Amino acid sequence: MTDGDTPGADNTDTDGVGAGGPAGGGRILDGVTVLDLSTFVTGGFCSAMLSNQGAEVVKIEQPGYGDAVRHSGPPFIKGESPYYWTLSYGKKSLELDLKNDDAKEALYELVEEADIFIQNFRPGTAERLDVDYDTLTEHNEDLIYLAISAFGQTGPWRERSGYDLLIQGMSGIMSVTGEADRQPVKVGLPMTDLITAMWAAFGATTALYRRERTGEGEYIDLGMLEATLPWLTKQAGMVFAGEETKRMGTKDPVLAPYQTFETKDGFINICILNEKLWGELCEALDRPDLPEDDRFEQNADRVEHLNELEAEIEATLADKTTDEWIEVIAEDAGVPAGPVYSVEEALNSPQIDARGTITEIEHPELGEVPVIEHPLKFRNAESGFELPPPLLGEHNREVFREHGYSEAEIDRLAELGVFGDAAEDSDDEDTDGNDD
């Protein structure tokens, strides 16, 4: 982000109102302080969402090592993981050795003025580290405490560790992902981590709203497995109706055609949700015979004859390139269709460029680094990231300075080992969370 930029100001919409909204609109979570002890994705993406809306997020990290996601790679750029950037925009980094009693006391002082506390330890770990809900609410009874774990704080699996791959398998997602005659496939991004992170941000903000109404803090118990199940929607509905779910590649169990098709030079996705669109697609394909075929007349008929339908459509699509078909089907006929982009193409498409979704922010060591802006574009409020992903311990002194400590008092904290020994590079399983 260049000097003088307003966070989100590059994200202009078609009305000329940026994601930052009008000048002076303010950020919705201005004045909210978040202490984030989590590692990896579930807590990290949650607090990034809160940061994007104006919350001050202090990322509390293991001295000398930090969040394990800092070390996830390759690729690395001058020793930093770009994966870490995507979870850490807008935050401050504070190293605290939670096995040091003085560090705990310093943390408790930060808790006194915090609004939200996030951790993703296995159940029982927070109690061992004296950062559990009961302990922290002795210092701040209005605290909103978010405990994220793989399976929640109760139940027979509560003490198991869990990661995205495991949850994708145990939630049923992998059973419906992939080709019918191949092994189950995980979604190619940490889907259940991100699902959980979004529930976490939703829970934290709704708890803030409740606190405004009641004056009471809150304890939120969030398990990754339970967080994922509501997203099954269509497949869960099939089970409720007594039907079997299965892997179908890109085909859909209740809509047709709604899948990926091969063209002359690549692939195209076509999405038909009703009979009107079906007629318009057939007209665009110059295939008036298809709606007249008993196998393809209604959606239910097409679902019953998916393989035959696919063969008919692909025989026609083989005549033109993907770009040519996009012009015919999407641009001219207005039927929902789109290409299958690579990630690089997706990040650099003309639509994303027009929306100002990819911006840059100044990093203290790397110069300008790319930022994927978050998608909420408020008309009457600002949003966006104000800080780059922090270096490990970059804000050790600043956080306590802002909390009223003198330089001499901060020096004493350092002497007491509150910030740990920077030369020490340990990986404590207790602080290695439940996601990846």
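The centres of domain 1 and domain 2 lie 44 Å apart, taken over C-alpha atoms. Domain 1 covers 33-234 + 370-416, and domain 2 covers 267-339; these bounds come from an automatic or database domain assignment. The model is predicted: local features need pLDDT of at least 70, side-chain atom pairs count only at pLDDT 80 or more, and totals for chains, interfaces and linings use all residues. Residues are numbered from 1 along each chain as its sequence is written, and side-chain values use heavy atoms, with hydrogens and water left out.

Start with the sheet. It is open, has 6 strands in the order β3-β2-β1-β4-β5-β6, and its pairing is parallel. Neighbouring strands are turned by 20° against each other on average, direction ignored. Helices (H or I, at least four residues) and strands (E, at least two) are DSSP runs, numbered from the N terminus. Two strands pair if DSSP finds at least two bridges between them. Angles run from 0 to 180 degrees between N-to-C directions, with axes fitted as lines to C-alpha atoms, for helices over the stretch in contact.

Now follow the pairs. β1 (residues 33-36) and β2 (residues 56-61) are parallel over 4 bridges. Here L35 stands opposite V58 in β2. Two helices pack on this sheet. Helix α1 (residues 40-52) touches β1, β2, β3, β4 (116-119) and β5 (144-149), and its direction makes about 155° with that of β4. Helix α3 (residues 101-111) touches β1, β2, β3 and β4, at about 150° to the direction of β1. Contact means heavy atoms within 4.5 Å.

Move on to β5. It pairs with β4 in the parallel sense over 4 bridges, and I118 has L146 as its bridge partner in β5. On to β6, β5 pairs in the parallel sense over 6 bridges. There I148 has L222 as its bridge partner.

How many residues of β5 are buried? The count is 6 of the 6, so β5 is largely enclosed by the rest of the structure. Buried means under 20% relative accessible area, with a 1.4 Å probe and protein chains only. In a regular strand the side chains alternate between the two faces of the sheet. Both faces of β5 are covered: I144, L146 and I148 are buried on one side, and Y145, A147 and S149 on the other.

A nonpolar core is a set of buried Ala, Val, Leu, Ile, Met, Phe, Trp, Tyr and Cys residues joined through side-chain atoms within 4.5 Å. The largest one has 37 residues, and V34, C46, L50, I116, I118 and L146 touch the most other members. At least two residues each come from α1, α2 (82-88), β4, β5, α7 (191-214), β6 and β11 (367-372). The largest share, 7 residues, comes from α7. Apart from this core lies another, of 30 residues, among them V58, L110, F400 and Y405.

Finish with α7. This helix has 24 residues and reaches 34 Å from its first C-alpha to its last, close to the 34 Å expected at 1.5 Å a residue; the expected span is 1.5 Å times one less than the number of residues. Its buried residues include T192, I195, A200, A204 and L208. The buried residues of α7 pack against α1, β4, β5, α6 (164-170), β6 and α8 (224-228). After the helix comes G215, with a positive phi near 80°.

Methods: Buried means under 20% relative accessible area, exposed over 50%, partly exposed in between (1.4 Å probe, protein chains only).
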